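Thanks for coming, everyone. Let's get the structure up on the screen and walk through it together.

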Amino acid sequence: MRMTRVAATAAAAVLALTMAACGDDGGSGTGTGSGTGTGSGDSNATGVIAKAQGGSLKVGVKADQPGLGLQTGTAYEGFDIEMAKIIAKGLGMQESGIQYVTTVSANREPYIQQGTVDLVIATYTINDERKTKVNFAGPYFMAGQDLLVPTDSTISAPEQLEGKKVCSVTGSTPAKRIQEKYKGAQLQLFDAYSKCITALAGGQVDAVTTDDIILAGYAAQPQFAGKFKVVGKPFSEEPYGVGLAKADKAGCEKINEILKAAASDGSYKAAWDKTLGKSGTPAPELDTSKLTNCA
Amino acid sequence: MPVFSDPANFDAYVSGFLWILKMTGASAALALVIGVLLAGMRVSPVPVLRWFGAAWVNIFRNTPLTLIIFFCYFGLYATLTISLSDDLILNNFWLGVVGLSVYTAAFVCEALRSGINTVPPGQAEAARAIGLTFSQTLRIVVLPQAGRAVIAPLGSVLIALCKNTTIVGTIGLLEASNIMKQLINDNGDQVILIFLVFAGTFAAVLIPVGYFFGWLANRLAVKR
Amino acid sequence: MNGNPVLYDHPGPRAKVRNAILTVVFGGLILALLYWIYRKFDEKGQFTKVLWEPFTQGAVWKNFIFPGIEGTLKAAATAMVFALAFGLIFSVGRLSEHRWISVPAGVVVEFFRAVPLLLMIFFISFGVPFLIHQPVPPFWSVVIGLTLYNGSVLAEAFRAGIRAVPSGQSEAAYAVGMRKSAVMQHILVPQAARAMLPVIVSQLVVLLKDTALGYIVSYPELLQLGVNVVAANYFNVIQAAIVAAVLYIVVNFALTGLANYLDRRTQRRGIKTRPIDPGAAMGGAGGGF
């Protein structure tokens, strides 16, 4: 009967599609992260070191932050990606074994806790609240929350945001800080910074707030040359760390060692010059005295 | 209930749902009005009106609501500079209401049109015979009967609208789904409880509404 | 009644003039509105070449838009098949004479029709992993959420369809000694399925639109790749959204056309099923939009 034939074709189609979906985690940079891992490692056997020895590492990165983590076609580019490559090399793994998974601010902890990714290098600020859920290596960069405003704006400090419209991304630390400390400001939330920048360019918001290095990445884009300025007075300290599973102390310590080595052998500077350094800012010093103790 | 015994969380939960209810109310009213007008346009003798109604329905029924809400902010507000309020939150609220209304109106229009098809042609013929104009025929004879015939589908549309209001969260309004996401992110260990409370609230409101519309449809059905 | 020829008389001379005036006035208003929109967009520089240029480059289509469409279609097709199975099972379950089957089936269907899809996708994506201590990939969050919701809607539609099959059919089947499961399998479900074909395909359109919610859990479908990531690269959020909207409209239009074609085909084959009014049949929480 026709129905059975239709049903059979449908079943075959579904099987084919499921095969395709499950087989997707082979390529890098498609961001489906179909996570066949067994959840957060609680021993060296499933930690980052073991994964690297197995030849494949899943790294969560941002896909929409120029200079830091940007998906360009099928590949990812940016300072965070370069750090991932340095860490992979330090763990004795080929660059080609890195699988990049797109993460957004709100799902970085869940992805680590569920094992969807092994590491998160996605402009990930270290703070006490997150430390209860994940472990941090680093910091590998010290950013600060700042404001991006039009070049002719009079806003020069977060206190001046009273009654003004400021834009950020849902679930991010900068958004929370505005909600908690600067309640007089009107907070517009979107799911992506590119939308905030568009709103700023169009005048719907008066400022965009997030880490200064991310803002600089956007302001340096050729389309916005001369239109925006970063206020330049960071009002917080945002240490960027490498997120990994809470129980993986050994992996965390190893990554700290790799960072120390990168600070002295020039690979850190090279990573900076290749990406964010193009804006003209010289590479900062990686302060190895501030590295976490991986508790 | 550890999560919700914290007054801040409970307030957030309540305010999230209040936004949902407000949006549902405002959008439902607007969508009904626009939907009736659209249905009238689609069956009218003027070709331009028919074309406009058909275009509206085809465009808005085939576009994801997420994109429509997006265009409300970046199209209506950002590019066409139509500001519906000076306060940012209220502005987003009204932009969301506009988006929801134009989307739902397309479905209301189609439901009404199928309702118009159920009205026996004799009714309209008799109306014409006694000299009623097109708009009088619609207003006095056809639409009341059509409306009574499609109460059940309109109830479905209303319930779908209530659920769709969660999508306005994509332009930053702190309605129920955004609040739920925040609470889950901050209290990961009580995910099930949080989800059941939010889902349960929706179910507790919408399931009785569904049965109410079923009862109402039976009550008001035109007995032929 | 088919609306148009009945609701108004064939236009006489005065009506023709009036129609012409209305056409001109209304048409003029629409043109004015469109022109105003065009001017405003132009003022804000939305028509500048640099914003639209990325869409003339094949690389953008190949790397972002086509994978996005592929992601959308994959999720939609998978979810549709599972939703059909879910709907079939639960509709038959609801019609069971055994209360211990029909009541739980009813509860499940009513619950999933009442809960917003976004909430379900959030829960599956962020909540379920805490239970099973395993990650849930975004693809399956979206597919399972879509399956549960659309499956419940289809369950109600199937139930209405089965009930709409003329009772003489099942009575005759029982008279010749068939048992309930045989009646369901050979008589009721096939006829109901044929009548519900347009409803099923229109639900597919709804499903396709709902895959757009996947971008919130960063599932790489058309909105995530085609709008968010393209905009991050080229800063043309509005242009990318317009292109995405056009693509959605085209795909959904094609699907609706398929629905209408199938509808006409089944009618042409002379199958005398009572036409089912999907809206009225699926009264209750959520007719699936």
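Here is a question to start: is Glu253(A) buried, partly exposed or exposed? Glu253(A) is partly exposed, because its relative accessible area is 37%. Keep in mind that this is a predicted model.

Stay with Glu253(A). Its side chain meets that of Lys249(A) in a salt bridge, at 3.6 Å from N to O. As background, side chains of opposite charge can pair when their charged atoms come close.

Next pair. Glu82(A) forms a salt bridge with Lys274(A), and the closest N and O atoms are 3.3 Å apart. Glu82(A) lies in helix H3 and Lys274(A) in helix H10 of chain A, so this pair ties together parts that are 192 residues apart in sequence. Glu82(A) counts as buried, at 11% relative accessibility. Lys274(A), at 47%, is partly exposed.

Third pair. Glu109(A) and Lys133(A) join their side chains in a salt bridge, 3.9 Å from N to O. Glu109(A) is in helix H4 of chain A, and Lys133(A) is in the loop between helix H5 and strand S7, so the pair ties together parts 24 residues apart in sequence. Glu109(A) is buried, with a relative accessible area of 10%. Lys133(A) counts as buried too, at 18%.

How many salt bridges are there over all chains? The search of the whole structure finds 17.

On to chain C. Here Arg94(C), Glu110(C), Arg113(C), Glu156(C) and Arg159(C) are linked in a network of salt bridges. Arg159(C) lies in helix H7, residues 138–164. At 17% relative accessibility, Arg159(C) counts as buried. Look at Val189(C) as well: it is 30 residues along the chain from Arg159(C), and their C-alpha atoms are separated by 9.5 Å.

Last stop, chain B. It has ten helices and zero strands. Of its 224 residues, 59% are buried. Its C-alpha atoms fill a box of roughly 70 × 45 × 25 Å along the principal axes.

Now find helix H4 of chain B, residues 65–79. This helix bends by about 30° at Phe71(B). H4(B) is mostly covered, with 13 of its 15 residues buried. After H4(B) comes Thr81(B), with a positive phi near 45°.

Finally, the surface. Arg148(B), Arg219(B), Lys223(B) and Arg224(B) gather there in a patch of positive charge. Arg219(B) belongs to helix H10 of chain B, and it counts as exposed at 57% relative accessibility.

Notes. Residues are numbered from 1 along each chain as its sequence is written. Chains are lettered from A and ligands numbered from 1 in the order in which they are written. This is a predicted model: local features need pLDDT of at least 70, side-chain atom pairs count only at pLDDT 80 or more; totals for chains, interfaces and linings use all residues. Side-chain values use heavy atoms; hydrogens and water are left out. The bend at a residue is the angle between axes fitted to the seven residues ending there and the seven starting there. Helices (H or I, at least four residues) and strands (E, at least two) are DSSP runs, numbered from the N terminus. Buried means under 20% relative accessible area, exposed over 50%, partly exposed in between (1.4 Å probe, protein chains only). Patches are made of residues with over 30% relative accessible area and no salt bridge: like charges are joined within 9 Å, nonpolar side chains (Val, Leu, Ile, Met, Phe, Trp, Tyr) within 5 Å. Accessible areas come from the Shrake-Rupley method with a 1.4 Å probe; for residues, only the protein chains shown count as cover. A salt bridge is a side-chain nitrogen of Lys or Arg within 4 Å of a carboxyl oxygen of Asp or Glu. Lys and Arg count as positive and Asp and Glu as negative; His and the chain ends are not counted. The place of a charge is taken as NZ of Lys, CZ of Arg, CG of Asp or CD of Glu.
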